[in-house]
Amino acid sequence: MANLEALVEGPRARGAFVLRLELDGDWAIKVADESMLTVMAVLAGDCVVTTASGEATAQQGNVVVVRGPGPFSVASEPGRPPDFIIPPDQTCVDVNGNRLVESMSRGIRTWGTTARGEDRILVGTYANPLEVGRLSAQLLPELMVERTDATTQAFAELLADQAATDALGQAVVLDRLLDVLLVAAVRAAEDKPARRADPPIDRILDRLHKNPQSPLSVEAMAHMEAMSRAAFSQRFSQRTGMGPGAYLRRLRLAWAADALLAGTRTVAAIAEQAGYGSPASFSTAFKQEYGQSPRDWRLQRGGKT
């Protein structure tokens with residue numbers, strides 16, 4: 001596990017989709033909404049979560065984190081074919097494509113087969129993350145099921161109550177409470193040394209995410225963990241799916257993409273802080289990564305000009 005602090009600062013929920021599931025009997029849901037992360041808290045009963053890489057049972061008091069964007073299933077028992085499907089637009093349908101949003105609605109942000117189910121699951125999705133958060137999330141396992149403490153379980157119940165409420169600032173309340181559940185799950189995993197993928201590489205990743213503008217060379221990163229450049233690069237690639245130089249380049253551009261939306265700094269100032277020698281070289285690299293210029297990125301996403 002890496003980048004707890006990056007996860008705290010990274011994939012903060014923004015207008016997250018939050019839903020209470022109330023289910024009885026046998027049931028199975030295929031989730032194909034393409035979200036970056038899905039966080040589930042089991043409030044009562046249990047369920048089986050299946051992804052492409054594995055399967056796990058989650059019980060009352062567990063928080064489940066599924067890394068997208070691939071599909072996964074949540075069911076009352078292993079191997080059950082889906083009764084319901086959640087596509088990218090988050091409108092639940094049956095296996096024949098018939099909409100079920102209205103017929104299975106049980107109130108505000110509440111959906112299921114009954115008003116109060118034996119299996120009660122709170123679901124929140126990170127569909128529109130910031131770019132650094134998107135990159136950080138890819139370092140998580142595809143599936144995590146973590147036992148949380150009483151405080152976190154109380155937050156889950158609070159989020160469930162708030163999900164069924166509409167009031168001033170409600171979206172912000174739901175986002176922040178969902179962040180608490182995510183951080184709690186990552187902390188629980190971080191406390192298990194056996195779950196840590198590669199501690200030396202994770203330490204370097206933490207350093208990079210805390211200061212992506214740092215002009216660290218691959219040799220310097222390797223030296224910090226007393227490795228040869230070749231061994232370090234190999235292990236870094238195994239951990240992240242790309243070499244250290246490529247990862248740092250992508251991280252700097254992700255930081256810049258978020259900075260373009262967050263404040264009033266000019267493109268030239270952001271380019272300099274991201275380690276580029278000129279706005280032109282920054283713009284070229286940014287367009288290669290994101291398919292549009294920094295100014296267009298800012299304008300199309302409502303950032304401050």
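Predicted model: local features only at pLDDT ≥ 70, side-chain atom pairs only at ≥ 80, totals over all residues.
Me: In what order do the 6 strands of the open sheet with S10 and S12 stand?

Reply: The order is S10-S1-S11-S3-S6-S12, and the pairing is mixed. Strand S10 (110–112) and strand S12 (143–147) are the edge strands, each of which pairs on one side only. On average, and with direction ignored, neighbouring strands of this sheet are turned by 20° against each other; such angles run from 0 to 180 degrees between N-to-C directions, and the axes are lines fitted to C-alpha atoms, for helices over the stretch in contact.

Me: Which residues of S6 are bridge partners of Thr-38 and Leu-37?

Reply: In a regular strand the side chains alternate between the two faces of the sheet. Here strand S3 (residues 37–44) and strand S6 (residues 62–67) pair in the antiparallel sense over 5 bridges; Thr-38 has Val-66 as its bridge partner, and Leu-37 has Arg-67.

Me: How many residues of S3 are buried?

Reply: Buried means under 20% relative accessible area, exposed means over 50%, and partly exposed lies in between, with a 1.4 Å probe and protein chains only. In S3, which is mostly covered, 8 of its 8 residues are buried.

Me: Which strands does helix H3 lie across?

Reply: Helix H3 (residues 150–163) lies across strand S1 (17–23), S3, S6, strand S11 (119–126) and S12, and it runs at about 85° to S11. Helix H4 (residues 170–190) lies across S1, S3, S6, S11 and S12, running at about 90° to S12.

Me: At what angle do H3 and H4 pack?

Reply: Angles under 35 degrees count as roughly parallel, over 145 as roughly antiparallel, 65 to 115 as roughly perpendicular and the rest as oblique. H3 and H4 pack at an angle of about 155°, with their axes 10 Å apart, which makes H3 roughly antiparallel to H4. A crossing is left-handed if the near helix is turned anticlockwise from the far one by less than a right angle, and right-handed if clockwise; the crossing of H3 and H4 is left-handed.

Me: Which residues in H3 meet residues in H4?

Reply: Contact means heavy atoms within 4.5 Å, and among the residues of H3 in this contact are Phe-155, Leu-158 and Leu-159, while those of H4 include Val-173, Leu-177 and Leu-181. Ala, Val, Leu, Ile, Met, Phe, Trp, Tyr, Cys and Pro count as nonpolar, Asp, Glu, Lys and Arg as charged, and the others, Gly among them, as polar. By these classes, the contact of H3 with H4 has 12 nonpolar, 3 polar and no charged residues.

Me: How far apart are the axes of helix H5 and helix H8?

Reply: The axes of helix H5 (residues 199–210) and helix H8 (residues 244–262) are 10 Å apart, and the two helices pack at an angle of about 30°, which makes H5 roughly parallel to H8. H5 passes H8 in a right-handed crossing. In this contact, Leu-205, Leu-208 and His-209 in H5 meet Tyr-247, Leu-248 and Leu-251 in H8, and the residues divide into 5 nonpolar, 1 polar and no charged.

Me: Is Ala-226 buried or exposed?

Reply: Ala-226 counts as exposed because its relative accessibility is 76%. Its place is in the loop between helix H6 (218–224) and H7, and its phi is near 55°, a positive value in a residue other than glycine. Arg-109, in the loop between S9 and S10, also has a positive phi, near 50°, and at 25% relative accessibility Arg-109 counts as partly exposed.

Notes
Residues numbered from 1 in each chain as written. Heavy atoms only, no water. Helix = DSSP H or I, 4+ residues; strand = E, 2+ residues; numbered from the N terminus. Pairing = 2+ DSSP bridges.
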